[in-house]
Amino acid sequence: MFTKEEIKYMKSLGLNLDFHKPLLNEDYERIEDIVSYQLQVYGFDKNYNPTTIGILCENILDKFD
């Protein structure tokens, strides 16, 4: 479901989950909370263009739709 880059990024945020096993609903909620916060804080530059982190966060969150 998640790419290696996305997993590496989430682990850097302290999400030390086993991404090779099915995740629990609580795991998804935790991912969504943390990644959404990162998107809000670091996801856009001063002109509201998405940053590299923003694009990565959006890609992760898009998997929840």
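1. A patch, as the word is used here, is made of residues with over 30% relative accessible area and no salt bridge, like charges being joined within 9 Å. The model is a predicted one, and on its surface a negative patch of this kind is formed by Glu26, Glu29, Glu32, Asp33, Asp62 and Asp65.

2. Helix α2, which spans residues 25-42, supplies the largest share of that negative patch, namely 4 residues. Glu26, one of the patch residues, is found in helix α2, and Glu26 is classed as exposed because its relative accessible area is 52%, the cut-off for that class being over 50%.

3. If residues up to four places away in sequence are not counted, Glu6 touches Met1, Leu56, Asn59, Ile60 and Lys63.

4. Ile60, one of the residues that Glu6 touches, is found in helix α3, which covers residues 52-62, and Ile60 is buried, with a relative accessible area of 0%. Leaving aside neighbours within four places in sequence, the contacts of Ile60 are Phe2, Glu6, Tyr9, Met10, Ile31 and Val35.

5. Phe2, which is among those contacts of Ile60, stands 58 residues from Ile60 along the chain, yet the C-alpha atoms of Phe2 and Ile60 are separated by 7.2 Å in the model.

Terms used
Residues are numbered from 1 along each chain as its sequence is written. This is a predicted model: local features need pLDDT of at least 70, side-chain atom pairs count only at pLDDT 80 or more; totals for chains, interfaces and linings use all residues. Side-chain values use heavy atoms; hydrogens and water are left out. Patches are made of residues with over 30% relative accessible area and no salt bridge: like charges are joined within 9 Å, nonpolar side chains (Val, Leu, Ile, Met, Phe, Trp, Tyr) within 5 Å. Accessible areas come from the Shrake-Rupley method with a 1.4 Å probe; for residues, only the protein chains shown count as cover. A salt bridge is a side-chain nitrogen of Lys or Arg within 4 Å of a carboxyl oxygen of Asp or Glu. Lys and Arg count as positive and Asp and Glu as negative; His and the chain ends are not counted. The place of a charge is taken as NZ of Lys, CZ of Arg, CG of Asp or CD of Glu. Helices (H or I, at least four residues) and strands (E, at least two) are DSSP runs, numbered from the N terminus. Buried means under 20% relative accessible area, exposed over 50%, partly exposed in between (1.4 Å probe, protein chains only). Contact means heavy atoms within 4.5 Å.
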